[in-house]
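Please work through the exercises below with the sequence and the model side by side. Try each task before reading its solution.

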Amino acid sequence: MDTEDARTARLLTWLSLMAILALIGLGAKAWYADHHTHAWVLWAFSVPMLANMAWFARTGNQAVQKSGMILVVGLLFAYLMASGGESNTGPLWFYVFPPLLFYLTDLKTGTAILLFCYLIVVVVFQHPNLPLVSTEYSTDFKIRFFATLTFESLFCFVLEAGRLKARSELMAMARSHEQAARTDDLTGLANRRDMQSRLIVEYSRHQRTGHHFSIILIDLDLFKVINDRYGHDAGDEALKAFAVLMQGVIRQTDVAARWGGEEFLILLPDTSLLQALTLAERLRAEVARTEFVFADQRLPISISAGVCSIAKAGSVNELLKQADVQLYNAKEGGRNRIAPRVRSLEDTSAGSAPARP
């Protein structure tokens with residue numbers, strides 16, 4: 001969107017420059033044709049056009065730039081319509097207005113302004129004796145002018161409507177592709193690429209503010225056995241079911257991603273190592289007591305997880321390496337456990353369960 005705004009601003013700047021040069025040139029032509037008043041008026045219109053450019057260069061306000069351009073051009077065309085310009089050809093410049101108007105505004109606003117301009121033209125054509133109106137047009141010219149202007153306006157409206165529709169469809173497609181590029185197709189979780197970007201952003205926030213964060217690297221135990229014994233469809237269902245369960249355990253501020261294969265990664269913003277261990281153990285216990293069933297067969301699913309806090313690492317890569325080491329330790333320790341070691345919920349006897357981080 002920013003790129004499109006910048007393109008529009010550049011286009012308006014060039015159009016303004018061309019309009020100023022045209023006004024100066026046409027004014028000079030009118031001067032040498034002894035239409036001195038007409039020449040001075042044309043030159044005078046280049047001043048607000050130049051002021052509009054200067055204001056945009058100073059403020060960068062594109063809305064004011066567009067409104068200023070429409071106002072100046074509209075007043076110029078109103079003058080050309082009322083005065084006739086040279087040899088009553090002034091109204092012919094009005095053909096420039098509809099495409100410019102629809103480009104700078106939306107369809108409703110452009111149509112409303114155009115209808116107002118039509119009203120002014122009707123008044124000028126039908127009441128040539130009004131103040132500031134210094135010319136009169138033939139009936140044949142009026143009919144031809146309205147017919148051609150109406151055709152052009154409708155044509156511009158249809159083209160702009162088609163352009164906006166195509167632009168909307170392209171933007172929706174781009175958003176869809178962007179979403180697909182950041183999402184794992186099977187589980188609907190963030191994918192590895194998206195999680196890596198989030199980790200970099202969170203690490204930058206940690207460097208700026210000092211807020212700690214932690215990660216949990218999870219692996220489904222003996223997942224190859226599930227694929228070999230029950231089939232890959234069962235494995236896919238197990239991954240999807242675990243993703244749903246995990247989403248129900250973590251907090252809204254946490255982000256879960258499929259890290260690759262049967263590995264998952266959870267990013268825990270503003271979370272200490274102890275809080276992350278508590279959450280990881282809660283998730284492990286929840287998986288252990290949940291029955292995962294596929295085709296009336298219970299799937300033996302448990303998880304191992306390695307937990308690490310940024311307080312223990314100097315970079316994102318080091319954080320991931322330490323979490324991977326802890327995951328390895330959990331698997332070497334017998335699987336279905338968390339590393340560093342935390343007392344399991346099953347081992348907790350009296351007292352309340354660990355507080356949710």
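Predicted model: local features only at pLDDT ≥ 70, side-chain atom pairs only at ≥ 80, totals over all residues.

Residues are numbered from 1 along each chain as its sequence is written, and side-chain values use heavy atoms, with hydrogens and water left out.

**Exercise 1. The chain as a whole**

Task: Describe the extent of the protein chain along its principal axes and compare its radius of gyration with that of a compact globule.

Solution: Begin with the C-alpha trace, which spans about 100 × 45 × 35 Å along the principal axes of the protein chain. Next, take the radius of gyration, which is 35 Å for the protein chain, whereas a compact globule of 357 residues would have one near 21 Å; the radius is taken over C-alpha atoms, and the globule rule is 2.2 Å times the number of residues to the power 0.38. Finally, the secondary structure comes to eleven helices and seven strands, where helices (H or I, at least four residues) and strands (E, at least two) are DSSP runs numbered from the N terminus.

**Exercise 2. Arg 284 and its partner**

Task: Find where Arg 284 sits, decide whether Arg 284 is buried or exposed, and identify which side chain it joins in a polar contact.

Solution: Arg 284 belongs to helix α10, residues 273-288. Its relative accessible area is 5%, and Arg 284 therefore counts as buried (buried means under 20% relative accessible area, exposed over 50%, and partly exposed in between, with a 1.4 Å probe and protein chains only). The side chain of Arg 284 makes a polar contact of 3.1 Å with that of Asn 336; such a contact is a pair of N or O atoms within 3.5 Å, and within protein one must be able to donate a hydrogen and the other to accept it, while residues adjacent in sequence count only if both atoms are side-chain atoms. Asn 336 lies in the loop between α11 (316-332) and β7, and with a relative accessible area of 30% Asn 336 is partly exposed.

**Exercise 3. Backbone angles**

Task: Which values of phi do Asn 336 and Leu 132 have, and what kind of peptide bond joins Ala 339 and Pro 340?

Solution: Asn 336 has a positive phi near 55 degrees, and Leu 132 has a positive phi near 75 degrees. Most residues other than glycine have a negative phi, and most peptide bonds are trans. Leu 132 lies in the loop between α5 (107-126) and α6 (139-182), and Leu 132 is exposed at 82% relative accessible area. The bond between Ala 339 and Pro 340 is cis, with omega about 0 degrees, and Pro 340 lies in the segment after β7 (338-339).
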